[in-house]
Amino acid sequence: VPQPVHIHEGACPAPGAVKYPLTNIVDGKSTTQIDAKLADLLKGGFAINAHLSAADSGKYVACGNVPQGAFLAVDKGRDGDQHGAAVLISQGAKTEVNLFLMPLPGVSQPAHIHEGACPAPGAVKFPLTSLAEGKSKTVVDVSLADLSKGGYAINAHLSSQEAGKYVACGNIK
């Protein structure tokens, strides 16, 4: 049975008005492109809610809050152009950092949150899990609010052997 699903204003367990209708869930899946920026959704105040069926749309069967976070572009570094994006998700006093760059197959790439700004950030402040196939996920011991005050940049290096080469950099704002 196709299940209606929407992005609602508000939060679970009782979200408010529908903000963005999504494609019905069929066989457990739904994919929709909406006219909204990810950065806007990550400001908080939204939930994704699924209904039992079109006929029983008053019955909510699944609800999840869209996490508060930040999206930032990661551009070329001082020594190369391996651009991509970072999604930072608030976890209270900690922050989940998800880094997505153009992959360098078979290469493990160190990545860090540095003090300072691109294109020449300073000392490493928080090490991140090394990129594998262009992806990295790390939880760092600092709040998103503190990171967002400025003065930090995410930086990726070419490889462990060539850590002095910065190939991607993005300022946290």
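Okay, let's start with L147. Leaving aside residues up to four places away in sequence, L147 touches L88, T95, I113, F126, V140, V142, Y152 and I172. Keep in mind that what you're looking at is a predicted model.

Several of those names come back when we look at the nonpolar cores. The largest one has 22 residues, and L147 is among those with the most contacts inside it, along with L88, L99, I113, V140, I154 and I172. Who supplies this core? At least two residues each come from β5 (69-76), β6 (84-91), β7 (94-101), β8, β9, α2 (144-147), β11 (152-157) and β12. Apart from that lies another core, of nine residues, and V5, Y20, L41 and A50 are among them.

Now, the disulfides. How many does a search of the whole structure find? Two. Counting bonded cysteines along the chain, the pattern is 1-2, 3-4.

Take C12 and C63. They're joined with an S to S distance of 2.0 Å. C12 sits in the loop between β1 (3-9) and β2 (18-25), while C63 is in strand β4 (residues 60-65), so this pair ties together parts that are 51 residues apart in sequence. The torsion about the S-S bond is about -90°, so we call this disulfide left-handed.

C118 is in the loop between β8 (108-115) and β9 (124-132), and C169 is in strand β12 (residues 166-172). Those are distant parts of the chain, 51 residues apart. The link is left-handed, with -90° about the S-S bond.

Last thing, confidence. The mean pLDDT of the protein chain is 94, and 100% of its residues reach 70 or more. Which element has the lowest mean pLDDT, and which the highest? Helix α1 (residues 38-41) has the lowest, at 88, and strand β10 (residues 135-140) has the highest, at 98.

How values were computed:
Residues numbered from 1 in each chain as written. Predicted model: local features only at pLDDT ≥ 70, side-chain atom pairs only at ≥ 80, totals over all residues. Heavy atoms only, no water. Disulfide = S-S within 2.5 Å. Helix = DSSP H or I, 4+ residues; strand = E, 2+ residues; numbered from the N terminus. pLDDT = per-residue confidence, 0-100. Core = buried A, V, L, I, M, F, W, Y, C linked by side-chain atoms within 4.5 Å. Buried < 20%, exposed > 50% of the residue type's maximum accessible area, 1.4 Å probe, protein only. Contact = heavy atoms within 4.5 Å.
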